[in-house]
Structures are given as C-alpha cells and as structure tokens.
Amino acid sequence: MEENFYENEEKVDGYTKFTPTHDGALLIDVLGEHLPEQAAVLELGIGPGKDFKKLSRRYRMTGSDFSQLFLQRYREQDPAADLLHLDARTLETDRTFDAIFSNKALIHLSPDELQQSFNRQHELLSDNGLILHSLWFGEGETAFDNVKLVYHNEQDLTKMLETSFDIVALKKHAKMSDGDSIYVLARKK
Ligand SMILES: C[S@@+](CC[C@H](N)C(=O)[O-])C[C@H]1O[C@@H](n2cnc3c(N)ncnc32)[C@H](O)[C@@H]1O
C-alpha cells in the first residue's frame, strides 16, 4: 500500500468526513451475539474511531492503527483510550485479547500479508478467541488514489482460515451497496 495515504492530513480529513450508507452497527451486533460484555477486544485500523467508540460501550477496548495521525486524532478526543500503534501485518505486541475486530482495515493487505496477519492474530487470541473482520467482497485487487484495495470472497477467506479457526459466520453485507462487503466471524481452534 501507499504508506503515506493515511498519514496525510488532507486524506485523513477527507476519510473522516466520509459517511458510508451503512455504519459498523451490524458487525458490532454480530460480535455481540457471540462475545460476552466486558471481553477484551483489539480493533485493528480504527481510523476515525466510529466503531471503536461504539464497541467501547460493551467491551474493554484496545484500539490500534498503523497511522499515527488517526491515533493522535483519536487521543485528542479521548485521552484515556487504550491505543496501540500496530501494523496489522506484524502485530508486534505481547498483549492478548478475547477478540480481534476490524472494519475495512485489512483491505490493503496482499493475500500473503493477510494470511500472515491471521496467523499472528491466532497467537494473540486467548483460548476460543474470536475474530470478526469486514472486507470488500470480490476478487483480485484495484488501486484507489494509489492505495491498494484487495477483494475477498467465501472461498479465499475459508482457505486462509480453516486450518486454525472454526468459521462461525461468513456473510455478504453492505457498506455502500448490497453485497459490496463480506464479514467473517471465526473462533480460534
Ligand atoms: C478504510 S480505513 C477504515 C477505518 C475504520 N475501520 C472505518 O471503518 O472507518 C483503513 C484503516 O486501516 C488502517 N491501516 C491501513 N493499513 C494498515 C496496516 N497495515 N495496519 C494497521 N492499520 C492499517 C488505516 O490507517 C485506516 O485507519
């Protein structure tokens, strides 16, 4: 990915103002059906932190992003927030979590990087821990404003996850329009 996109004030302002047709409420509700309140949850790529704020009402949240700019902006709104500077590809932390959540943060990873991230997430999860990630639905990749966007579907996600996770739900949903997105909820084996 173009490393600087999410470190650019103007791009980050533009992204922060962007309002998708559907927010992350559906994803948070799906997680809520499987994860008890007060569980320790790590969000990857919080961006402006809209889902992070909602998740914080239910869970002990740790937010993370590769962009220092998003982290710095969120800290200004909520100085007490537990935030980590993490690259989803490597996840260099010794903390552990009951669940790991992301909404369109893993879309910039190549298939190999995503596989590496899933392997590392497995290591960071407590026994029977959950992952819930939403990605763009489709195949292949495109570039938008020089940023790589990688699409995923039931087949490639199942292949990446099935050896170390039990897939609980794998469903298409909408961010901007019906079926443009897919989420996977899976439990650590
Ligand atoms: C499309 S935005 C989504 C932001 C937020 N989750 C939302 O739903 O509005 C992608 C987010 O992933 C972050 N990101 C991109 N590459 C990353 C990486 N390798 N590791 C962690 N975060 C990354 C970006 O900084 C940005 O916050």
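Why does alanine 80 count as exposed? The close-up views described below, all taken from a predicted model, begin with this residue.

**View 1. Alanine 80 in the loop between α4 and β3.** Alanine 80 has 6 C-beta neighbours inside 10 Å and therefore counts as exposed, since a residue is classed as exposed if 12 or fewer other C-beta atoms lie within that distance of its own. The loop that holds alanine 80 runs between α4, residues 68-77, and β3, residues 83-85. Methionine 61 stands 19 residues away from alanine 80 along the chain, and the C-alpha atoms of these two residues are separated by 11 Å.

**View 2. The shell of residues around the ligand.** The ligand has 20 residues around it, of which Tyr6, Gly45, Gly47, Phe66 and Ala88 come nearest. By residue class, the shell around the ligand divides into nine nonpolar, five polar and six charged residues.

**View 3. Helix α5 and its buried face.** Within α5, the residues Leu114, Ser117, Phe118 and Gln121 are buried. When the helix is considered down its axis, the buried residues of α5 fall within an arc of 100 degrees, so they line one face of the helix. On the face of α5 turned away from this buried side are the exposed residues Asp112 and Glu123. The cover over the buried residues of α5 includes the strands β4 (97-103) and β5 (125-136), together with the helix α6 (154-161).

**View 4. Glutamine 38, a residue with a positive phi.** Most residues other than glycine have a negative phi. Glutamine 38, although it is not a glycine, has a positive phi of about 75 degrees, and it is found in the loop between α2 (25-34) and β1 (40-44). With 10 other C-beta atoms within 10 Å, glutamine 38 is exposed.

**View 5. Aspartate 145, in the loop between β6 and β7.** Aspartate 145 is not a glycine either, yet its phi is positive, at about 55 degrees. The strands on either side of the loop that contains aspartate 145 are β6, residues 141-144, and β7, residues 147-150. Aspartate 145 has 10 other C-beta atoms within 10 Å and is therefore exposed.

Notes. Residues are numbered from 1 along each chain as its sequence is written. This is a predicted model: local features need pLDDT of at least 70, side-chain atom pairs count only at pLDDT 80 or more; totals for chains, interfaces and linings use all residues. A residue is near a molecule or strand if its C-beta atom, placed from the backbone, lies within 6 Å of it. Ala, Val, Leu, Ile, Met, Phe, Trp, Tyr, Cys and Pro count as nonpolar, Asp, Glu, Lys and Arg as charged, and the others, Gly among them, as polar. Helices (H or I, at least four residues) and strands (E, at least two) are DSSP runs, numbered from the N terminus. A residue is buried if 20 or more other C-beta atoms lie within 10 Å of its own, exposed if 12 or fewer, and partly exposed in between; C-beta atoms are placed from the backbone. The arc is that of the directions from the helix axis to the C-beta atoms. Two residues are in contact if their C-beta atoms, placed from the backbone, lie within 7 Å.
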